[in-house]
Structure formats: structure tokens, C-alpha cells
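User: Hello! I am new to this structure and would like a close look at one part of it. How many aromatic pairs does a search of the whole structure find over all chains, and what surrounds them?

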Amino acid sequence: MATKPHADTRLAKFVSQRIADLNGTKTQAEIAAEAGFLNANVLSMIKSGSTKLALDRVPQLAKALECDPAFLLRLTMEQSLGVTAAKAVGEIFGSPLTANEREWIAEIRDASGETDPRLTARSRARLREIFGR
Amino acid sequence: MSEATIVMTDTGPIGLVLPKPERSDLTENELSWIRFLRALSDGSDPAPSLALVQAIRAALGETCKQIDHGRLAMMSPRATFA
């Protein structure tokens, strides 16, 4: 059995990145305490992928990592359920919008004059260009 | 209010209590935009940067205006186009 079964998940990479980003502002031990982990090593285990993040820890950890809780929830669901199952849950229940996504929607509404524009082939092509895809 | 459901996973069924989705006010078209942006960004949740907003506005037929200092700044559509 793999000792780090979750090492390749986006959640493990994201948590590592956020802790690195917060370096100088707060320590990993402080983040762990703020997130409610009794054992600070849990964060190291999440970062390395040897354990996964429990769904019920998302709100507190998002606060401690100063990141969007909806985004962290999405990554945690992916890690817990697998990418495909998480997509299925999202299809049925909806996936909460992040603050950035709410801004996107506001921009689209504003730019279109609230006309509820379809995502046309032209729009897709333009966005692909910008994202380099 | 939260909703609960049982979801089958590779390791068996689990119960999930999810927060109420904050998308009830989104149209199907808006959901399509969000899904496409998520796919394009590999789920990295990018903020709507100036370049990205300009691309959207260009795609939607809006215009941007170049201003001083070599910076591109978008004219506020509310102020300029309304």
C-alpha cells in the first residue's frame, strides 16, 4: 500500500503552496492550531499526501490558510471522492462559487449588459487564447 | 440549510453534508461560462485579471481603451457605455 496515496492530489499541492505563501506571516504550527488540528503534524501529513483532509475541516483550514473556502472544499472533495465522483456531486448539488468566480459572473453580466450571453465559439476561442490553450 | 446525501466512492458509501450551493441565481449560460473557465484554468481559480476581463469584454463585443503609461485600463462600462 502506498505510504503517500494522496501526494499527487491538487489539495496536497495547494496546501503546501499556501503554507509556503504564508511563510513569514505565520508558522505551520500556528496554521495548524488555527485550523483546529490538535497535532501540528497533521498538516505535514496533508502536505506530503500521507493523509487526506477531512471535509469537516475545510472551513477552519480555509480561514487559517487565508484562502477561498469554496475552492478548498472543491479540492477536498476531489481528494476524498476522486475527481469523477466529485464532478458527479457537483453536477447534482452544485459546486459553490469561489469569490473569484462570483467576480467573473459579475464581469460577464456587466460586460453583456445583463443579457445572459451564451458561451459562443468566439468567446471560447478568445478565452483559450488568453489562457494559452 | 444543508442537504445530506449518500455518495458511493471507491472505498464504499459515505454520507455527505454539503453547504447549500451558492449558485441558485446563476443561469445555465452562466454555469457554462464558469465550467469553461474552470476547465481552462485547470481549476486554479484565477482572479479576473485585467487581461482576462478584457478578453471577455472583447469576446462580448465591448471595447477597451489604452491610456497613459503604457498601461491598458478598461473604461468602466457603467461610466462609459451605459
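Analyst: Searching the whole structure, over all chains, turns up one aromatic pair. The two rings belong to Phe14(A) and Phe71(A); their centres are 5.1 Å apart and their planes stand at 80°, so the pair is edge-to-face (ring centres within 6.5 Å make a pair; planes under 30 degrees apart are stacked, over 60 edge-to-face, the rest tilted). Phe14(A) sits in helix α1 (residues 10-21) of chain A and Phe71(A) in helix α5 (residues 69-81) of chain A, so that the pair links parts of the chain 57 residues apart. Both Phe14(A) and Phe71(A) are buried (under 20% relative accessible area, with exposed meaning over 50%).

Before going further, please note that this is a predicted model, where local features need pLDDT of at least 70 and side-chain atom pairs count only at pLDDT 80 or more, while totals for chains, interfaces and linings use all residues. Residues are numbered from 1 along each chain as its sequence is written, chains are lettered from A and ligands numbered from 1 in the order in which they are written, and side-chain values use heavy atoms, with hydrogens and water left out.

Now to the chain that holds the pair. Chain A has eight helices and zero strands (DSSP runs of at least four residues for helices, at least two for strands), giving the pattern α-α-α-α-α-α-α-α along the sequence. Among its 133 residues, 45% count as buried. Of the contacts in chain A with a separation of 6 or more, 60% join residues 24 or more positions apart (a contact has heavy atoms within 4.5 Å).

Asp56(A) lies in the loop between α3 (41-48) and α4 (58-65) of chain A. With a relative accessible area of 62%, Asp56(A) is exposed. Thr76(A) is 20 residues away from Asp56(A) along the chain, and their C-alpha atoms are separated by 9.8 Å.

The accessible surface of chain A as a whole comes to about 7000 Å² (Shrake-Rupley method, 1.4 Å probe). Carbon and sulfur atoms hold 53% of that surface.

To return to your request: the pair to look for is Phe14(A) with Phe71(A), edge-to-face, and both of these residues are buried.

Terms used:
Buried means under 20% relative accessible area, exposed over 50%, partly exposed in between (1.4 Å probe, protein chains only). Rings of Phe, Tyr and Trp (its six-membered ring) pair if their centres lie within 6.5 Å; planes under 30 degrees apart count as stacked, over 60 as edge-to-face and the rest as tilted.
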